[in-house]
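Thanks for making time, everyone.

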Amino acid sequence: MASVNKVILVGNCGRDPEIRYLPSGQAVANVSVATSSRRKDKNTGETIEDTQWHRVTFYDRLAEIAGEYVRKGRPIYVEGRLKYGKYTDQAGVEKSTVDIVATELQLLGGREGMGGPNDGDEGSAPPPARRPAPAPRSAAPAPAARQAPAPRPASGFDDMDDDIPF
């Protein structure tokens, strides 16, 4: 029978990632992620916020991406698996740890601080994307005189299918 060990977190980074490299050259990044939940106290009716902190470890290329783009306070989406460990502290007391070994990362929120066109200008909306106007059509030339169409600027959507029914 198959088993599942999967964690999904959506929360805010508590600190900038700590990146280190193992002797093998493998990149490792550690970050803490805060998740919060709110509930009302039955007796007093006041809202109580409960914040949980999670230790997340990224490896290889994901660690390099986290080190480059993840910053303290930024919201992120992380998928991974739980990893339990034990260690003995300086007083000789055995302690348990729970880490999330990340397999997926998505940056959430805006692009502030990411070096985009609005870097430092967070209050304004980005300029709208514009498509070049089509050239006016004239009478079709003879097939021998027809030229290849001019290359269009790359938009990142050139491979998209235009026949989508919605």
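This is a predicted model: local features need pLDDT of at least 70, side-chain atom pairs count only at pLDDT 80 or more; totals for chains, interfaces and linings use all residues.

Residues are numbered from 1 along each chain as its sequence is written, and side-chain values use heavy atoms, with hydrogens and water left out.

Okay, the overall picture. The protein has one helix and six strands, and from the N terminus the order is β-β-β-β-α-β-β. Those elements are DSSP runs numbered from the N terminus, H or I of at least four residues for helices and E of at least two for strands. There are 166 residues, and 21% of them count as buried, where buried means under 20% relative accessible area, exposed means over 50%, and partly exposed is in between, with a 1.4 Å probe and protein chains only. The accessible surface comes to about 13500 Å², and carbon and sulfur atoms own 51% of that; that's Shrake-Rupley with a 1.4 Å probe, and for residues only the protein chains shown count as cover. As for contacts (heavy atoms within 4.5 Å), take those with a separation of 6 or more: 54% of them come from residues 24 or more positions apart.

Now the strands. Pairing here means that DSSP finds at least two bridges between two strands. How many bridges link β3 and β4? There are 13, and the pairing of β3 with β4, residues 47–59, is antiparallel. One of the facing pairs there is Thr35 with Gln52 in β4.

On to β2, residues 18–21, which runs antiparallel to β3 with four bridges. Glu18 sits opposite Asn30 in β3. That's a hairpin too, with five residues between β2 and β3, and Gly25 in the turn has a positive phi of about 95°. Then there's β1, residues 7–13, which pairs antiparallel with β3, residues 27–40, over two bridges; Asn12 has Ala34 in β3 as its bridge partner.

Next, the helix. Asp60 belongs to α1, which covers residues 60–69. Most residues other than glycine have a negative phi, but Asp60, not a glycine, has a positive phi of about 55°. Is Asp60 buried or partly exposed? Partly exposed, because its relative accessible area is 41%.

Further along α1, the buried residues are Leu62, Ala63, Ala66 and Gly67. They're on the same side of α1, because they cover an arc of only 135° around the axis, the arc being that of the directions from the helix axis to the C-beta atoms. And what lies over them? The cover on α1's buried residues includes β2, β3, β4 and β6.

Glu79 is in β5, residues 75–88, and it counts as buried because its relative accessibility is 14%. Leaving out neighbours within four places in sequence, Glu79 contacts Lys6, Val7, Ile8, Val101, Ala102, Thr103 and Glu104.

Thr97 is in β6, residues 94–107, and is buried at 15% relative accessible area. Not counting residues up to four places away in sequence, Thr97 touches Arg55, Lys83, Tyr84, Gly85, Lys86 and Tyr87.

That's my tour, thanks.
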